[in-house]
Amino acid sequence: MLHGLAAATAALVLTALLAGLGRTLMLRFGRKGGDTTPHLGGIAVALATLGVACAGPLLGVAELGPGVAPLLAAAGAVALLGLLGDLRPLGLRVRIVAEAGAATVVVTLAGLSPGTGALAVLWIVFVTHAFQLLDHSDGAMGAVAAVTALGLAVCAIAEGHPGHGLLLSVLAAALTGFLLHNWHPARIHLGDCGSLFTGFLLASSAVTVHTGAPGARTGAELFALTLLVLTDTLLVLVSRHRAGRPLLRGGGDHIAHRLRKLGLTTQGSAVVLGVASLAATIVGLQFHDGRIAPVAALPLALLVPVAVVLLLRVPVYGPASRRRTPRARAPQSESAPVDLARGRG
C-alpha cells in the first residue's frame, strides 16, 4: 500500500517536472511557425509511467507480477511509434499494423484462444485510437483517461493482479501530473506519443486483467469503462459522414466542442467529460462486483445512440462543410486538429 502511494506520488511529480522541462526545450529549439503549444507532452507521461513502474523491481521494493513486463514493453513500443508520428507523419496503415502487432504480443502471452485473441486485438486497436481521438481539447483526454485508469486499477486488484493495479495507478497519477500543464489554457499537449501510449496501455491492461473472467460480465464491464470514448468516436464518424467530410480528418466536432457550443467553457467541458467518465466507471465496477447483471448493459448501450442523436443537433460545421472535398479545413480548437493518418483527430 505504501509503495503504491509512493509510486503514484513519484509518477505525478516526475510527469509534471518532465512536461514543464520538455515544454521549455521544445519552445526553445523546436518551435515552428506560429504554433506556440508543443505537442510532445506524451513523452513525459510515457517516461514517468514506464520509469516508476520499473523502479520497484529494480530497487527490490515491489514485483511487477506476471504479464506486466511484456505489457510495458508493448506499450513502450506504441509510445515510440506515436513519437515517430509526432516528428514525421506516418500512414494510418503503418500505425494500425504496428499497434496490432503489439496487441498480438499482449494477447498471445495472456493465453487467449485464437478466435477470442483476434477479437481482443481488434478491440485494443480500436480503443487505442478512440482515446487518441479524445486528445483534442484541453484537459479532456487526461481527465477521462485518469478516471478510467483508476477504475481498471480497482478491477485489477480485485482480480488478483496487484502488478497491473500498480501500473494503472501510476498511469493515472502520471496523467494527473500532466493535467497541471494541459488544463486550459494548455501549455503542452499529449500528441500521438502520449495518447496512443495511454489508450494502448488501458485497453491491453483491461484484456490482460480480465482473462478467464466470465465473458458476459467482462463485456458489460469493459463497455461501461470505455463508454465515453466509444460514444465520442461514434459521434465523430456519424457527424462527418452526414456532413460529407473526410472521416479521417480532424475537426471541432467532438463532444467537448459541442458542449462549448452549448455554452460551457473549455474547463467546464473537461469537467463534464471527467464526471461522465467517473459515472460510467462506477457502473463498470458494479458490473465487475456482480451487483448489476450483465443484461443491464443493454439499456446502457441504448444511451449511446440517443446521446449521439442529441449531440448531432448541435451545429459545429460552417456553411461550406457539406462540400465533399479532401481539402476541407476544420474549425481550429486549442489542439489544432489534423489528419488522423498523421496523428490527431
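A: Begin with a pair of helices. Two packed helices are described by the angle between their axes and the distance between the axes. In this predicted model, the axes of helix α9 (residues 215–225) and helix α13 (residues 297–312) come within 10 Å and cross at roughly 30 degrees. That angle makes α9 roughly parallel to α13. The cut-offs are under 35 degrees for roughly parallel, over 145 for roughly antiparallel, 65 to 115 for roughly perpendicular, and oblique for the rest. Axes are lines fitted to C-alpha atoms, for helices over the stretch in contact, and angles run from 0 to 180 degrees between N-to-C directions.

Q: What are the ground rules for numbering and confidence here?
A: Residues are numbered from 1 along each chain as its sequence is written, and side-chain values use heavy atoms, with hydrogens and water left out. Because the model is predicted, local features need pLDDT of at least 70 and side-chain atom pairs count only at pLDDT 80 or more, while totals for chains, interfaces and linings use all residues.

Q: What is the handedness of the crossing of α9 and α13?
A: A crossing is left-handed if the near helix is turned anticlockwise from the far one by less than a right angle, and right-handed if clockwise. The crossing of α9 and α13 is left-handed.

Q: Which residues of α9 and α13 meet?
A: Contact means heavy atoms within 4.5 Å. On the α9 side these are Ala220, Phe223 and Ala224, and on the α13 side Ala297, Leu300, Ala301 and Val304. By class, the contact of α9 with α13 has 7 nonpolar, no polar and no charged residues. Here Ala, Val, Leu, Ile, Met, Phe, Trp, Tyr, Cys and Pro count as nonpolar, Asp, Glu, Lys and Arg as charged, and the others, Gly among them, as polar.

Q: How do α3 and α8 cross?
A: The axes of helix α3 (residues 68–87) and helix α8 (residues 191–209) come within 7 Å, crossing at roughly 155 degrees. The two helices α3 and α8 are therefore roughly antiparallel, and their crossing is right-handed. Among the residues that meet are Leu71, Ala74, Gly82 and Asp86 in α3, and Asp192, Phe197, Phe200 and Ser205 in α8. The contact of α3 with α8 divides into 11 nonpolar, 6 polar and 2 charged residues.

Q: What does glycine 42 touch?
A: Glycine 42 belongs to helix α2 (residues 42–59) and counts as buried because its relative accessibility is 0%. Beyond neighbours within four places in sequence, glycine 42 is in contact with His189, Leu190, Cys193 and Gly194.

Q: How many disulfides does the structure hold?
A: A disulfide is a covalent bond between the sulfur atoms of two cysteines. The structure holds 0 disulfides, judged by a pair of cysteine sulfur atoms within 2.5 Å. Cysteine 155 is buried at 0% relative accessible area, and cysteine 54 is partly exposed at 31% relative accessibility.

Q: Where is the cis peptide bond?
A: A cis peptide bond joins histidine 184 and proline 185, with omega about -5 degrees. Proline 185 is in the loop between α7 (162–182) and α8.

Q: How many helices and strands does the whole protein have?
A: Helices (H or I, at least four residues) and strands (E, at least two) are DSSP runs, numbered from the N terminus. The protein has 13 helices and 0 strands. Buried residues make up 53% of its 345 residues. Of the contacts with a separation of 6 or more, 79% are between residues 24 or more positions apart.

Notes:
Buried means under 20% relative accessible area, exposed over 50%, partly exposed in between (1.4 Å probe, protein chains only).
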